[in-house]
Amino acid sequence: MKRRALIKRSLAGLYFFLLLIFISEVVLRVFHLVHTRVVNESIYPGLLGDYKPLQDLSSDLILPHHIKINSQGLRGPEININKQKYSFRIVILGDSFTFGSRVNDTETFPFQLETLLEEGRKSDEKIEVINAGHGAYSTREEYEYFLERGIHLHPDVLILAWFPNDITELSRADSWRHLLKGHYKFEPFKSYMRSLAVFNALRINVSYAFIKLKMGSYVSKEIVDIFDAEDTALEQKLWDSCFAYILRLKQFCDKEKIRFLLAALPDFKQFSLNNEFRPQGRLKVFSEVNQISFLNLSDRFKSFAIGRDINELYLFPKDCHFSALGNYLVAKELFDYMNSNFYWKLVKADRRAD
């Protein structure tokens with residue numbers, strides 16, 4: 001009798017738990033409290049990108065948008081693995097700001113840059129811009145990605161789109177790509193779970209705590225604020241690490257005859273810190289010393305902010321990433337840079353030399 005009573009209580013508890021999950025799922029969806037469709041990060045062997053291939057997400061409860069991941073695990077339309085003879089190919093490395101979080105495929109700055117370059121070209125040579133951005137990547141992961149996969153895209157130009165949180169994310173003792181490399185083994189179970197609002201709510205709120213418990217080396221143990229007036233010993237160490245990865249990329253590109261451009265993007269919070277753009281200034285000095293082509297996007301954003309609302313360039317208050325307009329500003333600045341300083345002529349001269 002005791003055993004039967006225990007079974008009944010257990011079943012009652014299970015029913016109550018499932019009912020609670022069902023009610024939570026309904027509430028989260030009805031009141032738009034969490035997004036239900038997210039891109040799967042799964043580094044499949046043999047691909048050129050770091051996302052699960054052939055994803056097509058048409059909406060999001062927080063900010064409606066469209067994301068398409070092609071068969072090679074990269075955001076955007078299909079590409080020819082073997083670059084055509086008469087084409088220029090630009091690969092852009094970066095994090096979620098490069099990927100284009102919560103904007104449509106055609107609104108990301110890599111896509112808009114390709115549109116500008118295609119409209120402005122004066123020959124029959126095709127220009128391709130490939131979005132190799134990935135959320136949560138730092139300069140380390142971007143360096144690892146390019147040497148492992150990006151180089152097989154055979155770019156003529158490599159752009160590293162640097163964002164200030166790259167320094168914070170370098171405080172992880174181990175690479176985020178290392179964590180993701182085993183994820184593809186759990187498909188399609190993981191894809192199904194990430195379509196549930198309850199799972200995404202839990203993932204957002206407790207995943208980092210869980211990861212820190214199980215794999216502490218993946219999560220920063222100290223708070224890093226690079227916008228402070230002075231650098232701590234840890235911050236200086238992280239800056240040195242960031243510089244080392246950038247320099248390795250530059251040296252690798254020089255060896256492979258790839259034009260390398262470092263582009264520094266601005267964080268929204270910098271506009272409320274009395275124009276504190278010291279991180280971009282450090283990158284500029286480093287680039288000058290090491291003869292690295294450098295573009296500071298903060299200047300264009302600051303010019304826009306004079307007499308206008310800087311919020312127009314970001315998705316605030318719902319999201320901190322660039323809006324379609326913000327992405328356009330980045331694309332236009334990159335376009336203007338590549339059509340000035342003889343940069344584009346140098347790229348073409350490199351091609352003729354080959």
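1. Helices (H or I, at least four residues) and strands (E, at least two) are DSSP runs, numbered from the N terminus. The model is predicted: local features need pLDDT of at least 70, side-chain atom pairs count only at pLDDT 80 or more, and totals for chains, interfaces and linings use all residues. Residues are numbered from 1 along each chain as its sequence is written, and side-chain values use heavy atoms, with hydrogens and water left out.

2. The sheet is open. Its 5 strands run in the order S4-S3-S5-S6-S7, with parallel pairing. Two strands pair if DSSP finds at least two bridges between them. S4 and S7 (293-296) are the edge strands, each pairing on one side only.

3. S3 and S5 pair in the parallel sense over 4 bridges. Leu93 has Leu160 in S5 as its bridge partner. H10 packs on the sheet and touches S5, S6 (259-264) and S7. Contact means heavy atoms within 4.5 Å.

4. Is Ser287 buried or exposed? Ser287 counts as buried because its relative accessibility is 1%. Buried means under 20% relative accessible area, exposed over 50%, partly exposed in between (1.4 Å probe, protein chains only). Not counting residues up to four places away in sequence, Ser287 touches Leu262, Ile292 and Phe294.

5. Helix H4 (residues 139-148) has 7 of its 10 residues buried, so H4 is largely enclosed by the rest of the structure. Among the buried ones are Arg140, Glu141 and Glu142. Their cover includes strands S3 (87-94), S4 (126-133) and S5 (157-162). Helices H5 (165-169), H6 (176-180) and H9 (233-256) are also included in the cover of H4's buried residues.

Key:
Axes fitted to C-alpha atoms, helices over the stretch in contact; angles between N-to-C directions.
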